[in-house]
Amino acid sequence: MLSKEEKELCSATLPSDILSNLPENVLDEILIRVPLRDAVGTSILSKKWRYNWCRLPGLTLDQTLWDTTNKSTRFVTRFTDIIYHLLALHVGPITKFILSDIAKLGNYSKIDNLVLFLSRNGIQHLVLKFPKNKPYKLPSSFFTCLQMRHLSLHHCSIQPLSTFTGFSELVELELYEVTISSEMFGSLISHSQLLEKLVLQISSSLDHIQIDAPKLKSFDFTGNVELISLKKVPFLLELSLFSTVAPSPGTGQHDFTKYFESFPNLEHLHLDYRSLQVNIASCPIVWGLTQTV
């Protein structure tokens with residue numbers, strides 16, 4: 001406990017509003033760690049706090065935000081108001097953005113505008129989660145987010161322009177139930193030479209997946225595909241492959257010895273291939289694997 005003299009000394013030497021006098025980057029770190037609704041609510045504390053939230057580099061629009069808005073108002077109206085205030089008041093870069101739990105939204109036209117806004121504001125970490133029964137077709141502006149480093153998409157349709165050359169800065173990629181062709185997926189991976197983590201969960205049938213990622217450390221696949229080609233993955237540490245395809249009649253077991261020679265640094269492995277075939281670039285053999293390892 002401070003003595004009376006010490007309290008008086010503190011009162012005399014410290015500013016009346018310590019928080020408001022902290023450096024902007026420190027204030028940003030405080031605000032980014034609270035829900036967006038609470039961060040916006042700090043604007044009523046004082047004039048100095050009024051627009052602090054407007055420069056937040058990371059924004060999350062999810063169920064915790066929707067639950068704190070007026071539920072007597074239609075969801076599309078609440079969503080529109082929030083997006084309007086973000087686009088109108090935010091200043092500075094937005095490096096991280098998360099959007100989820102928007103099943104009640106009527107159409108996605110306003111999200112197109114939001115993605116365009118993000119593409120012009122330095123987005124590097126993007127998470128978009130859409131409902132299963134209403135996937136989202138990514139607009140052309142999405143493919144201009146060339147600073148993207150972390151990307152997670154749920155129930156989206158990926159149909160880039162012919163001029164799209166990939167995300168050269170991408171480090172982590174997670175695709176859940178997306179619509180994408182085998183050719184486009186292969187092109188996306190091959191143009192992401194810094195990729196270290198890849199998660200692919202897809203139930204739609206693909207004929208061929210080619211992984212050409214020289215810095216890849218973790219690959220987690222669940223889905224329906226006939227053939228996976230693993231090329232140039234010398235630093236792979238974690239591999240999990242689960243095929244949802246039913247086993248083919250008469251499929252037998254195989255020797256895995258040469259298979260593991262392609263991953264000299266592998267530390268964690270889970271295989272449940274059933275009838276999935278895996279092609280290893282350094283081995284001329286195509287394996288039809290049936291067992292869980």
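Analyst: First, a term we'll need a lot: a residue is buried when its relative accessible area is under 20%, exposed when it is over 50%, and partly exposed in between (1.4 Å probe, protein chains only). Keep in mind that this is a predicted model, where local features need pLDDT of at least 70 and side-chain atom pairs count only at 80 or more, while totals for chains, interfaces and linings use all residues. Numbering runs from 1 along each chain as its sequence is written, and side-chain values use heavy atoms, with hydrogens and water left out.

A quick bit of orientation. The chain has 293 residues, and 43% of them are buried. It holds eight helices and 15 strands; these are DSSP runs numbered from the N terminus, with helices being H or I of at least four residues and strands E of at least two. Among the contacts with a separation of 6 or more, 50% join residues 24 or more positions apart, where contact means heavy atoms within 4.5 Å.

The part I'd pick is strand 7, residues 172-176. Four of its five residues are buried, leaving the strand mostly covered. What does strand 7 pair with? One partner is strand 5, residues 150-154, in the parallel sense and over five bridges; two strands count as paired if DSSP finds at least two bridges between them. In that pairing, L153 stands opposite L175 of strand 7. Another partner is strand 8, residues 197-206, again parallel and over five bridges, with E174 facing V199 of strand 8. To get from strand 7 to strand 8, the chain passes through helix 7, residues 182-190, in a right-handed β-α-β crossover. Right-handed means that, with the strands pointing away from you, the path from the first strand over the helix to the second runs clockwise.

Next, the loops leading off these strands. Between strand 7 and helix 7 you'll find E177. Its phi is near 50 degrees, a positive value in a residue other than glycine, and at 32% relative accessibility E177 is partly exposed. H155 also has a positive phi without being a glycine, at about 55 degrees. H155 sits in the loop between strand 5 and strand 6, and with a relative accessible area of 17% it counts as buried.

Now for the aromatic rings. The whole structure contains nine aromatic pairs, counted when the centres of Phe, Tyr or Trp rings (the six-membered ring for Trp) lie within 6.5 Å; planes under 30 degrees apart are stacked, over 60 edge-to-face, and the rest tilted. F142 and F167 are edge-to-face because their planes stand at 80 degrees, with the ring centres 5.6 Å apart. F142 belongs to the loop between strand 4 (136-137) and strand 5, and F167 to the loop between strand 6 (156-157) and strand 7, so this pair ties together parts that are 25 residues apart in sequence. At 2% relative accessible area, F142 is buried; F167 is buried too, also at 2%. F167 pairs edge-to-face with F164 as well, at 5.1 Å centre to centre and 65 degrees between the planes, and F164 is buried like F167. Together with F143, the residues F142, F164 and F167 form one aromatic cluster.

Finally, a look at other parts of the chain. The largest nonpolar core has 70 residues, and L61, L99, I211 and F219 touch the most other members. Helix 5, residues 75-89, supplies the largest share of this core, namely six residues. Leaving aside residues up to four places away in sequence, L61 touches several others, including L36, W66, I82, F97 and L99. D62 lies in the loop between strand 1 (58-61) and helix 4 (63-66) and is buried, with a relative accessible area of 17%. Although D62 and L99 are 37 residues apart in sequence, their C-alpha atoms are 5.9 Å apart in space. D62 also touches S100 and D101, again not counting residues up to four places away. Over in helix 6, residues 109-119, the buried residues are I111, L114, V115, F117, L118 and S119. Their cover includes helix 5, strand 2 (96-99), strand 3 (125-129) and strand 4, and strand 4 brings us back to the loop holding F142.

How values were computed
A nonpolar core is a set of buried Ala, Val, Leu, Ile, Met, Phe, Trp, Tyr and Cys residues joined through side-chain atoms within 4.5 Å.
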